[in-house]
Amino acid sequence: MAQLKATLAFARKLAETGVIKGTATQGLNKALFPLSKYLKYGLLSDDLIKENDTVREALRRLPGDVFQERQYRLARAINLSSGKSVLPEAEWTKPEQDVSYLKPFIEQVVNEQNERDDWNAGRLQ
Amino acid sequence: MMSSLSLRARSNLLSAMPKRFASSLSASKMQESNKQNKESIKMTKLDNGILVASLENSSPISRVAAVLNTGSRDESHAEQGSSHALRVFSNLATRNFSSFGITRNLDQIGAQLSISSTRENTTYLLESVRNNISRGVDILSEIVSRPELRHWEIDDAKSRLEFELEVYEQQPELKIVDMIHKASFKNSLSNSIYAPRFNVPNLKSELLSGFRQKNFTSNRLTLIGLGVDHDDLIRFADQFRLSTASSTRQAARFISSELREENLDDLVHVAIAAEGVGQSNKEALASAVASHAFGSVYNRIKYSNGASRLSRSVLQLAKESAGVTSFNVNYSDTGLFGFHLIGSTNDIGNLAKGLYQELSKVATSGFSNEEINRAKNSLKTSLANSLDSSQGFIEAFTKGHDHVNVEEVLKSVDAVQSNDVNAFVKRVASSKHSLAAIGNLSELPRLEELRV
């Protein structure tokens with residue numbers, strides 16, 4: 001699956017360093033997962049995060065191949081949506097493939113911004 | 001945070017005034033020091049290979065220097081420029097501090113962190129008020145042992161690296177030093193301390209981490225503390241966790257070759273060098289005396305051409321402004337001894353030929369005793385001056401643990417024999433030379449033509 005290989009490898013590296021914990025295979029996520037529609041377009045949950053400045057900065061920090069795969073998935077999904085079709089069931093996103101590749105970077109950006117705000121406001125470390 | 005460099009392992013000669021800070025902590029100590037009751041250096045070698053050395057110098061500023069015995073000479077061909085990159089990128093995020101956090105925390109405790117590297121050593125120096133030194137060391141240890149080298153931070157900081165290269169390329173006096181090393185050594189010491197342009201795109205996170213993994217090892221780390229308690233420093237050493245691999249260093253091999261860079265600059269820089277001696281060689285001091293006897297940058301009178309041997313002979317051949325000095329560098333296993341000529345396009349050929357005539361004159365008849373005494377005095381002054389400053393002390397300690405005792409250093413300079421100095425010069429004159437030149441070289445003969 002060309003659209004997921006690098007992302008999965010990257011997420012495995014993140015999981016090894018303890019940055020992310022689970023995928024959509026546990027708890028509430030597991031229950032909600034089959035009810036969601038994004039999996040039918042072959043998207044991951046992190047693909048759907050609305051873009052703002054923070055998210056854009058986090059996207060800038062993605063490794064090149066992970067970013068390109070995300071672009072591929074989004075383009076394919078837009079295509080499908082405009083043709084009012086979905087992927088065949090074999091190609092739907094599986095729960096274990098729904099890795100959280102972008103959230104750690106978003107957290108990092110938010111933490112950095114908070115650190116700057118704390119220092120500038122005088123709440124010293 | 002400054003990113004500074006030292007081209008040769010030499011002292012900061014601009015700190016001419018001896019600095020003595022009277023500290024409120026040590027008012028009583030000042031009285032005692034009048035009786036020459038100086039503290040001595042305490043050294044401990046830890047199990048992981050780190051050498052810890054401390055000296056109480058009664059200063060209100062504490063200094064901790066993490067000196068790594070690695071530099072541009074340890075770069076492989078693919079890694080060229082890694083030590084420059086690590087020097088520029090040393091303020092980027094570490095595992096527990098962000099780049100912003102490093103700057104702000106250091107500002108908050110009133111500390112300064114600087115990094116300077118030579119071909120053989122990289123020094124991370126932290127200077128801070130005594131009370132805040134442990135917080136400063138937290139940050140210093142992070143930068144030395146746990147930098148994250150995130151790829152986007154490196155991309156953002158690349159422009160700083162390129163700016164340094166642009167500034168470097170406009171200074172022929174810096175380029176000539178790297179060029180003479182490139183012309184004189186086949187490997188290791190031929191690497192420039194600046195990244196070569198062709199390799200800048202390759203200086204990415206993985207390459208730099210690989211270089212660090214191989215070369216930033218515990219057994220190459222020396223922690224020097226000035227104004228720091230020795231036991232405290234041993235505790236600080238625990239925070240510097242580096243790879244415990246043992247690293248070998250390539251031996252540098254001298255070669256005679258010529259490196260000429262032509263452009264239309266009317267001010268031509270030429271360097272001529274022969275193989276010198278290493279730091280621990282018994283001729284090391286003789287080489288330094290020889291350089292001072294010829295005339296070096298250390299014994300120049302400001303704004304004058306001076307009365308050195310080279311000024312009185314070679315410089316007289318110049319019709320337009322010119323400068324001639326000798327230089328001497330002692331690395332760990334070898335060294336470089338030579339001359340640096342600066343002259344106009346039309347003069348440079350005569351200067352170079354005149355230099356060789358003067359060199360053979362000294363080789364045959366040697367320096368007079370008066371010249372040698374004068375050279376010894378200026379060498380003693382420059383060594384004592386450098387040991388007066390903290391940075392000079394740290395550099396000297398890195399070269400040799402016995403290089404820091406001022407009385408012993410002065411005595412060993414006095415013990416240098418004229419015969420040794422003259423024998424050294426004789427050897428330099430008859431051995432293989434290498435040449436580097438940059439500028440309008442239309443009147444500069446080739447090395448082969450100069451040596452007849």
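Q: Which residues is A:Arg61 in contact with, leaving aside its neighbours within four places in sequence?
A: Contact means heavy atoms within 4.5 Å. In this predicted model, A:Arg61 is in contact with A:Phe105, A:Gln108, A:Val109 and A:Glu112, and with B:His151 and B:Trp152. Residues are numbered from 1 along each chain as written, and chains are lettered from A in the order written. Local features need pLDDT of at least 70, and side-chain atom pairs count only at pLDDT 80 or more, with hydrogens and water left out of side-chain values.

Q: Is A:Arg61 buried or exposed?
A: Buried means under 20% relative accessible area, exposed over 50%, and partly exposed in between, with a 1.4 Å probe and protein chains only. A:Arg61 has 6% relative accessibility, so A:Arg61 counts as buried.

Q: How are two packed helices described?
A: They are described by the angle between their axes and the distance between the axes. The axes of helix 9 (residues 284–294) and helix 12 (residues 369–388) of chain B come within 8 Å and cross at roughly 110°. These two helices of chain B are therefore roughly perpendicular (65 to 115 degrees) to each other. Among the residues that meet are B:Leu285 and B:Val289 in helix 9 and B:Ile372 and B:Leu379 in helix 12.

Q: What does B:Leu140 touch, not counting residues up to four places away in sequence?
A: B:Leu140 touches B:Val64, B:Leu113, B:Tyr124, B:Leu126 and B:Phe240.

Methods. Axes fitted to C-alpha atoms, helices over the stretch in contact; angles between N-to-C directions. Helix = DSSP H or I, 4+ residues; strand = E, 2+ residues; numbered from the N terminus. Parallel < 35°, antiparallel > 145°, perpendicular 65-115°, else oblique.
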